[in-house]
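The sequence and structure come first.

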Amino acid sequence: MSLEGEVLKGHLDMLVLAVIRSGASHGYAIIEQLRELSGGVFDLPEGTIYPVLHRLEDRELLSSRWVEEGRRRRRYLLTAAGRRALGEKRQDWTVFTRAVSAILASSP
């Protein structure tokens, strides 16, 4: 099973920040971590992640630098603002999922 499009759209920033929280990473590695950690549910094409990374960097939630790792890659790292934003997004997610679960549990 894989989730695509609109279902994932509003949550991808949070998921990317959460993956990068554990350390600097490049785009393809972030895609692989999302796939692995989600048990294959988040199987994203490469073109999906780069606009997210650029948007998060423009908002100063990530910083990046070029590194040589056999080949030249851009590595992304969470900033202090990114750590705060992730914390806020986690709280919002908890409230949201509790509310949705309560509604679904009460439905016949």
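Met-14 sits in helix H2 of this predicted model. With a relative accessible area of 12%, Met-14 is buried, because the cut-off for that class is under 20%. Leaving aside residues up to four places away in sequence, Met-14 is in contact with Leu-86, Lys-89, Arg-90 and Trp-93. Ser-64 is 50 residues from Met-14 in sequence, and the two C-alpha atoms are 18 Å apart.

Helix H2 covers residues 12-20 and has the highest mean pLDDT among the elements of the chain, at 95. Helix H1, residues 5-9, has the lowest, at 61. Over the protein chain the average pLDDT is 89, and 92% of the residues score at least 70.

**The core**

Which residues have the most contacts inside the largest nonpolar core? They are Val-16 and Leu-34, in a core of 22 residues. Two or more residues of this core come from each of H2, helix H3 (27-37), H4, E3 and helix H5 (80-106). H2 gives the most, with seven residues. Val-16 touches Leu-34 itself, together with Ile-30, Ile-49, Val-52, Leu-53 and Leu-56, when residues up to four places away in sequence are not counted.

**The sheet**

Three strands form an open sheet in the order E1-E3-E2, with antiparallel pairing. Strand E1 (25-26) and E2 are the edge strands; each has a single partner strand, so one side of each has no neighbour in the sheet. Helix H4 (residues 46-58) packs on this sheet and touches E2 and E3, its direction making about 120 degrees with that of E2.

Strand E2 (residues 62-68) and strand E3 (residues 72-78) run antiparallel and are joined by seven bridges. Along this pair, Arg-65 stands opposite Arg-75 in E3, and Trp-66 stands opposite Arg-74 in E3. Three residues lie between the strands of the E2 and E3 hairpin, where Gly-70 takes a positive phi near 80 degrees.

**Residues on the strands**

Is Ser-25 buried or exposed? Ser-25, which lies in strand E1, has a relative accessibility of 5% and counts as buried. Apart from residues up to four places away in sequence, Ser-25 touches Ile-30, Gln-33, Arg-74, Arg-75 and Tyr-76. Arg-74 and Arg-75 in this list are the residues of E3 that stand opposite Trp-66 and Arg-65.

Trp-66 belongs to strand E2. Its relative accessible area is 45%, so Trp-66 is partly exposed, a class that lies between 20% and 50%. Beyond residues up to four places away in sequence, Trp-66 touches Arg-72, Arg-73 and Arg-74. Trp-66 and His-26 are 40 residues apart in sequence, with their C-alpha atoms 9.5 Å apart.

Leu-77 is placed in strand E3. At 42% relative accessibility, Leu-77 counts as partly exposed. With residues up to four places away in sequence left out, Leu-77 touches Ile-20, Gly-23, Ala-24, Leu-61, Leu-62 and Ser-63. Pro-51 is 26 residues from Leu-77 in sequence and 16 Å from it in space, C-alpha to C-alpha.

The following table lists residue pairs by their separation.

| Residue pair | Separation in sequence | C-alpha to C-alpha distance |
|---|---|---|
| Met-14 and Ser-64 | 50 residues | 18 Å |
| Trp-66 and His-26 | 40 residues | 9.5 Å |
| Leu-77 and Pro-51 | 26 residues | 16 Å |

**The whole chain**

The protein chain has five helices and three strands. Read along the sequence, these follow the pattern α-α-β-α-α-β-β-α. The C-alpha trace spans about 55 × 30 × 20 Å along its principal axes. Of the 108 residues in the chain, 29% are buried. The accessible surface comes to about 7100 Å², and carbon and sulfur atoms account for 54% of this surface. Among contacts with a separation of 6 or more, 48% are between residues 24 or more positions apart.

Definitions and conventions:
Residues numbered from 1 in each chain as written. Predicted model: local features only at pLDDT ≥ 70, side-chain atom pairs only at ≥ 80, totals over all residues. Heavy atoms only, no water. pLDDT = per-residue confidence, 0-100. Helix = DSSP H or I, 4+ residues; strand = E, 2+ residues; numbered from the N terminus. Buried < 20%, exposed > 50% of the residue type's maximum accessible area, 1.4 Å probe, protein only. Contact = heavy atoms within 4.5 Å. Pairing = 2+ DSSP bridges. Axes fitted to C-alpha atoms, helices over the stretch in contact; angles between N-to-C directions. Core = buried A, V, L, I, M, F, W, Y, C linked by side-chain atoms within 4.5 Å. Areas by Shrake-Rupley, 256 points an atom, 1.4 Å probe, with all protein chains shown as cover.
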